[in-house]
Amino acid sequence: MTIDLESPIVFIIDDDPALRHSLKWLVESVGLRAQSFASGQAFLDAYELGQSGCLLLDVRMPRMSGLHLLQKLRQAGVDLPVIVITGHGDVPVAVAAMKGGAVDFIEKPFNEQLLLDSVQNALAQDHAQRQSRIRRQEVIKRFASLTSREQEVMKWVVEGLANKDIAENLAVSRKTVEVHRAKVMSKMGAESLADLIQMAIVVGILREYGEIY
Amino acid sequence: MAAGLVHEINQPLASIINYARGAIRRIDSANPPSLEGLRDSLERIAQQAYHAEEISNRMRNLIKGDFPKLPIDINALIIDKVEDCTPEAQAQNLLIHSELDLKLPPVLGDGVQIGQVLLNLLGNAIEASSQADQHTQRVITVCSTVRDGEVIVQVGDRGPGLSPETAERIFDWFYTTKPRGLGVGLAISRFIIQAHGGKLWAQVSPHGGTLLSFTLPIIESTNQEEACP
């Protein structure tokens with residue numbers, strides 16, 4: 001399996017050979033890429049961390065094996081959104097699946113439109129998570145590229161201090177603070193103070209209003 | 001949980017729907033595939049339909065009493081099915097406690113069917129336990145004994161229990177107390193047990209909750225005097 005961040009893969013795990021093959025056929029009918037596996041272990045052996053997509057997990061008898069897999073996936077660092085397919089009326093399993101971190105559950109027999117919609121939602125969620133992670137890493141990288149003095153100025157700025165006060169705190173001229181401040185804005189790629197504040201929260205130097213990311 | 005047979009027949013039916021819907025979507029798409037590209041899905045639809053037919057034949061054979069009759073080690077079957085249900089029980093913080101009579105004689109029948117009955121009873125017990133109030137002990141008991149030339153298996157839960165009226169109705173076809181249950185699990189289970197010459201019934205458990213019991217005649221005991229001297 002080659003890692004392809006652009007093209008997500010719908011990973012289908014089902015121990016019934018006909019069901020997993022037919023699910024793959026159905027998923028591929030809307031132009032999505034799909035791969036199927038007979039067991040969670042087979043999937044884990046083949047999956048390369050970082051590949052985007054989502055998981056379609058059929059929870060068959062013995063009933064909770066699929067839910068065990070949910071735990072195992074998380075332990076292995078797989079953070080793909082998971083859709084669980086449950087038996088008709090199997091509410092306890094559905095509840096356990098959602099508690100276990102599944103993003104959705106589909107009851108068999110399912111309407112294929114609902115299933116495909118759920119898959120699209122899961123893929124969109126995976127994409128958004130990845131984008132947000134990339135943005136976060138980028139912000140952290142930029143922050144690390146600041147000099148320690150610039151980092152200090154950034155902390156004061158996002159805490160709402162005026163240049164005059166920052167200059168006083170640092171025992172430097174206002175002009176110097178202005179230069180540092182301009183540097184911070186450009187190095188961080190911030191277009192406004194609001195932008196910079198968002199980044200400060202990501203970096204963790206501003207926590208008062210809780211974690212946004 | 002519907003009984004195993006119903007679940008089993010749903011598998012090929014679900015595959016057939018997937019193949020058919022996948023084919024229709026391809027035909028309706030901007031780039032419809034060649035006939036050759038659809039052939040495989042049609043072939044698989046046919047295969048799955050045959051498979052569904054096989055399962056329905058098995059159900060019919062069961063109705064006619066025409067099923068494999070081999071010695072079954074009920075205790076081994078219980079241990080196996082309890083193991084299958086253990087992850088789900090654990091997820092609900094439930095203990096499945098087994099009290100098995102180690103001198104249990106074998107019974108004659110189809111182990112797959114009896115296994116499905118056990119799974120069904122255990123599944124129901126787990127579900128009933130999830131409706132118990134918070135102070136109830138989180139335990140399901142499974143026991144096996146011999147009495148009067150029959151093996152008796154009992155599955156008890158400490159769920160909300162049954163009223164005397166529902167105790168019999170739960171075996172009716174399509175009767176269900178679950179929001180979206182099919183209402184066939186216990187009906188099929190009773191059917192399977194009766195086809196094996198046994199009985200399946202429900203009563204209020206001494207600990208509250210429901211006690212489901214079934215009997216199966218033991219092999220040597222066509223004559224009851226012999227089994228109980």
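Two strands pair if DSSP finds at least two bridges between them. Helices (H or I, at least four residues) and strands (E, at least two) are DSSP runs, numbered from the N terminus. The model is predicted: local features need pLDDT of at least 70, side-chain atom pairs count only at pLDDT 80 or more, and totals for chains, interfaces and linings use all residues. Residues are numbered from 1 along each chain as its sequence is written, chains are lettered from A in the order in which they are written, and side-chain values use heavy atoms, without hydrogens and water.

**View 1. The open sheet of chain B.** Five strands of chain B form this sheet, ordered β2-β4-β5-β7-β6, with mixed pairing. Its edges are β2 (95-100) and β6 (200-204), each of which pairs on one side only. Neighbouring strands are turned against each other by 20 degrees on average, direction ignored.

**View 2. The β2-β4 pair of chain B.** Strand β4 (residues 139-147) pairs with β2(B) in the parallel sense, over six bridges. B:V142 in β4(B) stands opposite B:S98.

**View 3. Helices on the sheet of chain B.** Helix α3 (residues 74-91) packs on the sheet and touches β2, β4, β5 (150-156) and β7 (210-217) of chain B (contact: heavy atoms within 4.5 Å). The direction of α3 makes about 170 degrees with that of β2(B). Angles run from 0 to 180 degrees between N-to-C directions; axes are lines fitted to C-alpha atoms, for helices over the stretch in contact. Helix α4 (residues 111-130) of chain B lies across β2, β4, β5, β6 and β7, at about 170 degrees to β7(B).

**View 4. The crossing of α5 and α9 in chain A.** The axes of α5 (residues 112-144) and α9 (residues 193-203) come within 9 Å and cross at roughly 95 degrees. The two helices are therefore roughly perpendicular (65 to 115 degrees). From α5(A), A:R136, A:V139, A:R142 and A:F143 meet A:M199, A:V202 and A:V203 of α9(A).

View 5. A:G160 follows α6(A) and has a positive phi, near 95 degrees.

Key:
Parallel < 35°, antiparallel > 145°, perpendicular 65-115°, else oblique.
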